[in-house]
Amino acid sequence: QVRLVESGGGLVQPGGSLTLSCAASGSIFSIYAMGWYRQAPGKQRELVADITHSGTTNYADSVKGRFTISRDSKTVYLQMNSLKPEDTAVYYCKLDYYTDYGARLDYWGQGTQVTVSS
């Protein structure tokens with residue numbers, strides 16, 4: 001069984017900063033990648049940023065230069081600076097991992113709300 005614990009969401013004013021964290025635990029043999037996605041009301045879930053086991057990062061164009069993803073063992077962080085109202089969404093952590101029997105699976109967190117408003 002795999003567990004993802006997300007934290008760090010909340011209400012912030014435009015131009016402010018927040019840091020999200022997501023800690024993975026459970027039956028994980030190895031991690032291929034971890035990432036953050038977001039879904040705003042009435043919109044599809046979209047990739048915000050992800051980071052592979054080798055440290056390769058990938059960002060949505062809309063957050064480049066403002067957000068930074070990092071990983072420490074089984075915890076992934078998303079440092080969000082210069083937040084804009086359009087960053088308001090539920091942010092979901094995604095784990096892409098291998099089981100001890102060789103299967104590659106993914107697992108989603110339950111989401112954390114980020115609201116950017118004055």
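These exercises work through the salt bridges and the disulfide of a predicted model.

**Exercise 1. Count the salt bridges, and find the partner of Arg-38.**

Step 1. Apply the cut-off: a side-chain nitrogen of Lys or Arg must lie within 4 Å of a carboxyl oxygen of Asp or Glu.
Step 2. Count the pairs. The model has five salt bridges.
Step 3. Look at Arg-38. Its partner is Glu-46, and the closest N and O atoms are 2.8 Å apart.
Step 4. Check the setting of each residue. Arg-38 is buried, at 5% relative accessible area. Glu-46 is partly exposed, at 37%.
Step 5. Follow the links further. Arg-38 and Glu-46 belong to a network of salt bridges with Arg-66 and Asp-87.

**Exercise 2. Decide whether Lys-64 and Asp-61 form a salt bridge, and classify the exposure of each.**

Step 1. Side chains of opposite charge can pair when their charged atoms come close.
Step 2. Take the distance. The closest N and O atoms of Lys-64 and Asp-61 are 3.1 Å apart, and the two residues form a salt bridge.
Step 3. Classify Lys-64. Its relative accessible area is 48%, so Lys-64 is partly exposed.
Step 4. Classify Asp-61. Its value is 65%, so Asp-61 is exposed.

**Exercise 3. Find the salt-bridge partner of Asp-96, then classify both residues as buried, partly exposed or exposed.**

Step 1. Identify the partner. Asp-96 pairs with Arg-104 in a salt bridge.
Step 2. Take the distance. The closest N and O atoms of this pair are 2.8 Å apart.
Step 3. Classify Asp-96. At 15% relative accessible area, Asp-96 is buried.
Step 4. Classify Arg-104. At 43%, Arg-104 is partly exposed.

**Exercise 4. Locate the disulfide, give its handedness, and say which strands it joins.**

Step 1. A disulfide is a covalent bond between the sulfur atoms of two cysteines.
Step 2. Apply the cut-off: the sulfur atoms must be within 2.5 Å. One disulfide is found.
Step 3. Name the pair. Cys-22 and Cys-93 have their sulfur atoms 2.1 Å apart.
Step 4. Cys-22 sits in strand 3 (residues 18-26), and Cys-93 sits in strand 9 (residues 89-98). They are 71 residues apart, and the bond links distant parts of the chain.
Step 5. Read the torsion. About the S-S bond of Cys-22 and Cys-93 it is about -80°, so the disulfide is left-handed.
Step 6. Check burial. Both Cys-22 and Cys-93 are buried.

How values were computed. Residues are numbered from 1 along each chain as its sequence is written. This is a predicted model: local features need pLDDT of at least 70, side-chain atom pairs count only at pLDDT 80 or more; totals for chains, interfaces and linings use all residues. Side-chain values use heavy atoms; hydrogens and water are left out. Buried means under 20% relative accessible area, exposed over 50%, partly exposed in between (1.4 Å probe, protein chains only). Helices (H or I, at least four residues) and strands (E, at least two) are DSSP runs, numbered from the N terminus.
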